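Visitor: I would like to learn how to read a ligand site. Please take me through one.

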Amino acid sequence: MTLCLATRNAHKLEEIRAKLGNRFRLISLDDVGCTEELPETTDTIPGNSLQKAQFVFEHYNVACVADDSGLEIDALGGAPGVHSAYYAGPQRSHEDNIQKVLGELRNTTQRSAQFRTVLTLVTANGMQVFEGILRGNILQEPRGKNGFGYDPIFQPEGIDLSLAQLSMEEKNEISHRARAIEKLVSYFQTNSL
Ligand code: IMP
């Protein structure tokens with residue numbers, strides 16, 4: 001059975017392949033011949049995740065799982081959320097995004113936030129949604145060099161380091177993405193495509 005992961009990111013494909021084992025032939029957008037940009041025009045993380053999976057299923061006739069993630073800061077009413085990648089502008093700069101968030105939180109002590117990943121599976125039988133959350137706090141300034149995006153300013157609950165101070169392996173044990181993938185894997189322990 002073939003399952004398409006709606007990504008061109010080799011790391012994401014490998015992370016999911018390692019956890020799903022060889023139950024499915026896990027293929028990428030390139031493998032199904034999809035070279036166009038997937039639509040991401042809804043205003044929510046779950047909406048974009050569903051939109052991408054549905055697009056691939058309908059246009060390429062293959063079961064598909066799509067992910068969408070973002071940082072949700074409580075004091076900002078859940079922003080940047082679905083706009084995380086380009087919060088400070090279309091240049092999609094991680095540094096600019098971080099500076100914008102730190103500026104907006106300058107005068108508040110309420111620093112709680114979460115990373116959220118939504119994975120949506122669309123097959124001929126319908127759709128399933130799997131969500132992973134990582135709670136934490138926004139630091140006063142960036143710390144660490146690993147990871148990407150907002151990792152340098154995000155300190156997971158119960159850990160004294162930023163996500164960018166963890167190794168990739170350590171982050172992959174606790175991340176929102178890993179938690180959503182675990183739910184997908186458990187689903188496939190009792191369900192098929
Ligand atoms: P995507 O949906 O995985 O492409 O994530 C969208 C945006 O959310 C990224 O460009 C980052 O700005 C942010 N983001 C998602 N996951 C993470 C993470 O694990 N660490 C830091 N930033 C993240």
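This is a predicted model: local features need pLDDT of at least 70, side-chain atom pairs count only at pLDDT 80 or more; totals for chains, interfaces and linings use all residues.

Visitor: Which other atoms lie 2.8 Å or 3.2 Å from the ligand?

Guide: A polar side-chain atom of Lys171 is 2.8 Å from an oxygen atom of the ligand. The backbone takes part in the list too: an N or O atom of Tyr150 lies 3.2 Å from a ligand nitrogen atom. As for cover, the protein takes up 87% of the 480 Å² of accessible area that the ligand has on its own.

Visitor: Which residues around the ligand come nearest?

Guide: The shell has 14 residues, and the nearest are Ser69, Asp151, Lys171, His176 and Arg177. By class, five are charged, five polar and four nonpolar.

Visitor: Which element gives the most to that shell?

Guide: Strand S3 does, with three residues. S3 spans 64–73, and helix H6, spanning 176–190, also supplies at least two.

Visitor: Where does the ligand sit?

Guide: In the largest pocket. The volume of that pocket is about 1,300 Å³. Its lining counts 45 residues, with Asn9, Lys12, Asp67, Phe148 and Arg177 closest to the centre. S3 again has the largest share, here five residues. The lining divides into 18 polar, 14 charged and 13 nonpolar residues.

Visitor: How much space lies in the second largest pocket?

Guide: About 180 Å³. Thirteen residues line this second pocket, and those closest to its centre are Glu95, Ile98, Pro142, Gly144 and Pro152.

Notes:
Residues are numbered from 1 along each chain as its sequence is written. Side-chain values use heavy atoms; hydrogens and water are left out. A residue is near a molecule or strand if one of its heavy atoms lies within 4 Å of it. A polar contact is a pair of N or O atoms within 3.5 Å; within protein, one must be able to donate a hydrogen and the other to accept it, and residues adjacent in sequence count only if both atoms are side-chain atoms. Accessible areas come from the Shrake-Rupley method with a 1.4 Å probe; for residues, only the protein chains shown count as cover. On a 1 Å grid over the protein atoms alone, a cavity is a set of points where a 1.4 Å probe fits but cannot get out, and a pocket is an open set with protein on both sides within 12 Å along at least five of seven lines; lining residues have an atom within 4 Å of a point. A molecule sits in a cavity or pocket if more than half of its atoms lie within 2 Å of its grid points. Helices (H or I, at least four residues) and strands (E, at least two) are DSSP runs, numbered from the N terminus. Ala, Val, Leu, Ile, Met, Phe, Trp, Tyr, Cys and Pro count as nonpolar, Asp, Glu, Lys and Arg as charged, and the others, Gly among them, as polar. Grid points are joined across faces, edges and corners, and a volume is the space filled by probe spheres set on the points.
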